[in-house]
Amino acid sequence: MEELKTTCLNAHHRELGAKMSPFAGFDMPIEYEGIEAEHNAVRRHSGVFDVSHMGEVRIEGEDATAFVNHIFTNDVTLLEDGQIAYGMLTNDEGGVVDDLLVYRVSDSEYFLVINAANIKKDEDWILEQMNKFDAEDLSVSLESECWSEVAVQGPEAEAQLQKIFPDIDLKALGFYHFYELEVQGKDEDGEDVFFPMVISRTGYTGEDGFEVYADEPVIIELWQQLLENGVTPCGLGCRDTLRFEAGLPLYGDELADDITPLEAGLGMFVKLDKNFVGRDRLAAQKAEGLKRKVVGLEVDGMAIPRHGYEVLDPATEEVIGHITTGYRSITLGKNLAMAMVDAAHAPLSSEVLVRVRRKVFPAKVIKKRFYTPNYKK
């Protein structure tokens, strides 16, 4: 068995008594005080997550914009320097290789943030595409080992980070924008040095917040300062319940190599008026009409739908889909799910059944953004 990787904060998680578990090849904290308490801290106050397991790739050169636009479903030519776009890498069949954030540093430099579970796959895929691409000035740097990262999320996130970085105007930083900075710290020998740092107004919780990328000493000190100031340490358990309520997809559940962005309901991030890998198949799928879609469900009764449970036609009890993610919503107090279902059963208010072990429970199709996000306006 391959040895689990650890982040620079691993010892700190263990000192706090975190419940640790393997995730994407890393030893990661699932919860500290408890998923519900941490979830509510982010909704009401602020929480900090160790997300150093995420991957990073830098693309540079005069052909960088053309190349990123070739591999990315969204259109980076619409971005200003310092702006971020969400979108997907898609394969030739339109399935999702990964979903990611693309940071535009300049028209000749982009910083890509990819999912931890897909780092090696994404790196190989990007390099394969680069080798096929007709470019005179293009380089790809694999930087996943170079960065650590924390996410500070919640209505008090800005105020908490501002205390630590009083000289950075966080209020002026717009949603899906970022700053590139240098911060003073100490290296392994105790010498004063300047470390690069990226702060972006992004997150995966449905709340306002920031993601901070820097070298290990900076992230360790930032983590300690945030906890000293009363920010709640949060594990990956509530990161999933938070993103679920906000209707945000998780790769492996709502997205996969054999699920297209259109089926996942992410068509707004797919710009079919430009060329990119998988574009023709997605255009054809849109023209032909979708055969299945990811929808939201509200389930009656006390049954909690879980990943993989079957969704049934209420008239025939034939299988028409499956649950991709399901929880009893901590914020809303309802049994909710996202599910991949046949398109005929996807319209809002459609009635379906969900099989929970040996019983079936009625459910209704609703919008999959269950909770209204509180992003920076």
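Tutor: Let's start with a term: a residue is buried when its relative accessible area is under 20%, exposed when over 50%, and partly exposed in between (1.4 Å probe, protein chains only). Keep in mind that this is a predicted model, where local features need pLDDT of at least 70 and side-chain atom pairs count only at pLDDT 80 or more, while totals for chains, interfaces and linings use all residues. Residues are numbered from 1 along each chain as its sequence is written, and side-chain values use heavy atoms, with hydrogens and water left out.

Student: Which residues are linked with Asp240 and Arg243 in a network?

Tutor: Asp253 and Glu254 join them in a network of salt bridges.

Student: Why is the contact between Glu143 and Arg58 called a salt bridge?

Tutor: The rule asks for a side-chain nitrogen of Lys or Arg within 4 Å of a carboxyl oxygen of Asp or Glu. For Glu143 and Arg58 the closest N and O atoms are 2.8 Å apart, and the pair does form a salt bridge. Glu143 sits in the loop between strand 8 (139-142) and strand 9 (148-153), with Arg58 in strand 4 (residues 55-60), so the pair ties together parts 85 residues apart in sequence. Both residues are buried, too.

Student: How many salt bridges does that rule give?

Tutor: The count comes to 18. One more pair is Glu263 with Arg292, whose closest N and O atoms are 3.2 Å apart. Glu263 is in the loop between helix 7 and helix 8, and Arg292 is in strand 14 (residues 292-299), so this pair ties together parts 29 residues apart in sequence.

Student: How do you know whether Glu263 is buried or exposed?

Tutor: Check the relative accessibility: Glu263 has 8%, so it counts as buried. Arg292 has 26%, so that one counts as partly exposed.

Student: What makes the phi of Ala24 worth a look?

Tutor: Most residues other than glycine have a negative phi. Ala24 isn't a glycine, yet has a positive phi of about 55°. You'll find Ala24 in the loop between strand 1 (19-23) and strand 2 (26-31). With a relative accessible area of 30%, Ala24 is partly exposed.

Conventions: Helices (H or I, at least four residues) and strands (E, at least two) are DSSP runs, numbered from the N terminus.
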